[in-house]
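Please look over the sequence and the structure before reading on.

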Amino acid sequence: MSTQPQRVRRTTVPQIARRKGGDPIVSLTSYHAHTAAIVDKYADFILVGDSLGMVMHGMESTVGVPLDLMIMHGKAVVRGTKKALIVVDMPFGTYEESPNMAFRNAAKIMKETGCGAVKLEGGKRMAETIKFLVERGIPVMAHIGLTPQSSHVMGGFKTQGRDEDSWPLHEEDARAVTEAGAFAIVLEGMVEPLAAKITRQIDIPTIGIGASAQCDGQILVLEDMLGLNPWTPKFVKEYGSLGAMIEQAVSDYAEEVKTRAFPGEDHVYR
Ligand code: KIV
């Protein structure tokens, strides 16, 4: 009889890569153990996105997110999950300078969190780094189109590909990261026909956010689709209205504290 504890096998990077053209890949972001445990039941992979800087920590963009914060939230999500592949974002300033720097920081993320892959932003310009990481054992998810870490250069969070003349550059980005060895690629904030075209052209799965239903999978920021974000971008469908529910619950609680209706008989020790 085996003395090994029973292990649930997590979804692997090759399993995600093989989903190209198959059943759509389901994914969401998550930043904490308890929400990740719920998402884990339904998602093929969970992204610990650097959007956590804006969603959880009230930052104006993702540019200020430090590596240690990603590692802290990455650890929580790995602890809270058993099944999904966990991908952790590399934050701005931790990978762009050189492949060596990217390797050092990606290895730190993987060793300290126990995640299965990292994601980084950028197309052709990051291809050399992606190749360097993959050859050294670090699976990389690429991210092109609207890349929030470059929002200062882009002049804001701008939908990409509105001008058809720019399509070849995005297509070139997609090809370059694919050839470099990325196992999947996030297409964010680009016009639908361009995302659909890129999905047809490359042989790794595309994961759309504000992109196209033709992508091989979809991702949303969990708090956005739960209705916790005070502002809802066009590409988000709200599957819940947690913001309103939380507000109602907090105001009911405040009222009951003030009127001494809480704690009631059931909530005290006799
Ligand atoms: O940081 C993030 O949440 C992301 C997704 C929007 C893809 O990169």
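Eight strands, paired in parallel, close into a barrel in the order β1-β2-β3-β4-β5-β6-β7-β8. Strands here are DSSP runs of E with at least two residues, helices are runs of H or I with at least four residues, and both are numbered from the N terminus. Two strands pair if DSSP finds at least two bridges between them. The model is predicted, so local features need pLDDT of at least 70 and side-chain atom pairs count only at pLDDT 80 or more, while totals for chains, interfaces and linings use all residues. Residues are numbered from 1 along each chain as its sequence is written, and side-chain values use heavy atoms, with hydrogens and water left out.

**Barrel**

- Strand β1 (residues 25–29) runs parallel to strand β8 (residues 217–220), and four bridges join them.
- Within this pair, Ile25 stands opposite Gly217 in β8.

**Strand β6 and its neighbours**

- Strand β5 (residues 140–145) and β6 run parallel and are joined by five bridges.
- Ile144 stands opposite Leu187 in β6.
- Four bridges pair β6 with strand β7 (residues 206–209), also in the parallel sense.
- Thr206 in β7 is the bridge partner of Ile185.
- From β6 the chain crosses through helix α9 (residues 192–201) to β7 in a right-handed β-α-β crossover; with the strands pointing away from the viewer, the path from the first strand over the helix to the second runs clockwise.

**Burial of β6**

- Strand β6 (residues 184–188) is mostly covered, with five of its five residues buried; buried means under 20% relative accessible area, exposed over 50%, and partly exposed in between (1.4 Å probe, protein chains only).
- In a regular strand the side chains alternate between the two faces of the sheet.
- Ala184, Val186 and Glu188 are buried on one side of β6, and Ile185 and Leu187 are buried on the other.

**Residues in loops**

- Phe157 lies in the loop between α7 (151–154) and α8 (167–180).
- Phe157 is partly exposed, with a relative accessible area of 44%.
- Cys115 is in the loop between α5 (99–113) and β4 (117–121).
- Cys115 is buried, at a relative accessible area of 6%.
- Cys115 and Leu85 are 30 residues apart along the chain, and their C-alpha atoms are separated by 7.5 Å.
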